[in-house]
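Here is a briefing on one protein chain. Please read it alongside the sequence and the coordinates.

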Amino acid sequence: MIGSDSVDVERKVIAILRVLKESPEPLGARIIARQLKDWGIDLTERAVRYHLKLMDERGLTQAVGRDGRLITTSGVEELKNALVGDKVGFVINKIELLTFRTRFDWESRSGLVSINTSLFPQERFPQALKAMRDAFKAGLCVSELVAVAKEGERIGETTVPQGKVSFATVCSIVINGALLKAGIPMDSRFGGILQIRNHKPLRFVELIHYAGSSLDPSEIFIRGRMTQVGEATRRGEGKVLANFREVPAQCRPIAEAVMARLKEAHLGGLVVMGNASEPVCEVPVEPNRAGIILLGGLNPVAAAAEVGIEAENIAMSSVIDYRQLRSFWEL
């Protein structure tokens with residue numbers, strides 16, 4: 001039986017690995033200690049240095065220079081497998097953090113916008129763009145605004161690996177952030193697969209509750225080849241990535257106004273907003289709440305995956321400045 005002290009140490013190790021994984025450069029104990037505070041973990045620089053020494057011995061980290069550390073392949077694997085109980089609810093926590101970090105001002109059309117990141121093989125990127133065209137043309141996305149970075153360049157907080165092209169799509173959490181700024185709390189409940197019939201939303205056929213998941217639903221559905229975005233664009237019949245959220249029913253008029261302003265800035269993704277306490281696309285809604293269905297930002301990437309052009313997808317990866325985005329049609 002594992003003691004509570006051992007579990008506590010392991011949690012600190014995992015937190016340090018998370019910090020290192022998100023950095024493209026070696027980090028020292030002082031910077032790691034500072035960043036750990038964002039995770040709610042208060043460790044002194046000396047304590048971090050102690051853990052790093054043990055992690056070096058386990059092969060989870062590698063010393064670089066005088067005080068820097070990089071995460072190793074073993075460290076990445078450990079991060080994926082360790083403390084699965086702590087990962088339950090990880091997605092909803094990620095949504096809440098990214099909502100807070102989104103700082104878009106629709107008046108000045110400036111500020112930080114939440115994004116998903118997809119890494120395509122460099123040689124297949126032109127084919128991927130061609131495969132994604134119909135999804136953008138049909139509006140099966142949060143926005144036609146995207147960002148592209150080549151190997152060695154940075155997008156958000158990630159440096160693009162060798163042989164890859166990073167393709168950023170706007171994430172639907174931009175709506176969470178805008179509503180939060182307007183004083184409207186949004187409850188992110190499910191990620192799912194929405195069936196389209198005659199070009200209109202019919203019903204959800206798959207749902208994953210964010211609060212009970214350790215993996216992002218969109219990544220799961222794309223990897224499992226469960227989408228039919230291409231069919232939805234060509235025939236108006238198919239299955240697309242979508243999210244189900246709720247807002248207080250009294251806030252519905254304000255929410256509609258906020259989303260209208262976002263649409264003017266080419267940020268959208270709204271499929272339907274229900275009435276108070278009424279089910280939306282066969283999903284029940286809590287009393288005095290209004291259900292909202294938003295398109296998944298990774299739908300164009302799913303369309304590319306459907307024709308065999310796969311990417312490494314990181315949903316809800318980061319935030320970037322709105323002014324870094326450009327129209328997909330300029331690529």
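What is the relative accessible area of isoleucine 314, and how does that class the residue? The relative accessible area is 28%, and isoleucine 314 is partly exposed. Buried would require under 20%, and exposed over 50%. The model is predicted. The points below go from the whole chain to single residues.

**Overall form**
- The protein chain has 12 helices and 15 strands.
- Its radius of gyration is 21 Å, close to the 20 Å given by the globule rule for 331 residues, so the chain is as compact as a globular protein of that length.
- Along the principal axes, the C-alpha atoms fill a box of roughly 60 × 50 × 45 Å.
- Of the 331 residues in the protein chain, 50% are buried.
- Among contacts with a separation of 6 or more, 71% join residues 24 or more positions apart.

**Surface and charge**
- The accessible surface of the protein chain is about 16300 Å².
- Carbon and sulfur atoms account for 49% of that surface.
- The protein chain carries 43 positive and 40 negative side chains.
- The centres of these two sets lie 2 Å apart.

- Helix 2 spans residues 29-36, and its buried residues are Ala29, Ile32, Ala33 and Leu36.
- Viewed down the axis of helix 2, these buried residues fall within an arc of 100°, so they line one face of the helix.
- An α-helix has 3.6 residues a turn, so residues three or four places apart point the same way.
- Arg30 and Arg34 are exposed on the other side of helix 2.

**Isoleucine 314 in strand 14**
- Isoleucine 314 sits in strand 14, which covers residues 312-321.
- Neighbours within four places in sequence aside, isoleucine 314 contacts Asn116, Thr117 and Glu219.
- Threonine 61 is 253 residues away from isoleucine 314 along the chain, and their C-alpha atoms are separated by 23 Å.

**Isoleucine 173 in helix 8**
- Isoleucine 173 belongs to helix 8, residues 173-181.
- Is isoleucine 173 buried or exposed? Isoleucine 173 counts as buried, at 0% relative accessibility.
- With residues up to four places away in sequence not counted, isoleucine 173 touches Ile95, Leu98, Thr99, Thr102, Ser114, Arg245 and Met316.
- Isoleucine 173 and isoleucine 115 are 58 residues apart along the chain, with their C-alpha atoms separated by 8.2 Å.

- Most residues other than glycine have a negative phi.
- Histidine 266 is not a glycine, yet its phi is positive, at about 65°.
- Histidine 266 lies in the loop between helix 11 (252-264) and strand 12 (270-276).
- The relative accessible area of histidine 266 is 43%, and the residue is partly exposed.
- Glutamate 282 is not a glycine either, and has a positive phi of about 70°.
- The loop between strand 12 and strand 13 (289-295) holds glutamate 282.
- Glutamate 282 is exposed, with a relative accessible area of 59%.

- Aspartate 42 is in the loop between helix 2 and helix 3 (45-57).
- With a relative accessible area of 64%, aspartate 42 is exposed.
- Lysine 12 is 30 residues from aspartate 42 in sequence and 9.6 Å from it in space, C-alpha to C-alpha.

- Where is glycine 59 found? Glycine 59 is in the loop between helix 3 and strand 1 (61-64).
- Glycine 59 counts as partly exposed, at 28% relative accessibility.
- Its contacts, leaving aside neighbours within four places in sequence, are Thr72, Ser74 and Gly75.
- Isoleucine 193 is 134 residues from glycine 59 in sequence, and the two are 40 Å apart in space, C-alpha to C-alpha.

Terms used
Residues numbered from 1 in each chain as written. Predicted model: local features only at pLDDT ≥ 70, side-chain atom pairs only at ≥ 80, totals over all residues. Heavy atoms only, no water. Buried < 20%, exposed > 50% of the residue type's maximum accessible area, 1.4 Å probe, protein only. Helix = DSSP H or I, 4+ residues; strand = E, 2+ residues; numbered from the N terminus. Arc of directions from axis to C-beta. Rg over C-alpha atoms; globule rule 2.2 N^0.38 Å. Contact = heavy atoms within 4.5 Å. Areas by Shrake-Rupley, 256 points an atom, 1.4 Å probe, with all protein chains shown as cover. Lys, Arg positive; Asp, Glu negative; His and termini not counted. Charge placed at Lys NZ, Arg CZ, Asp CG, Glu CD.
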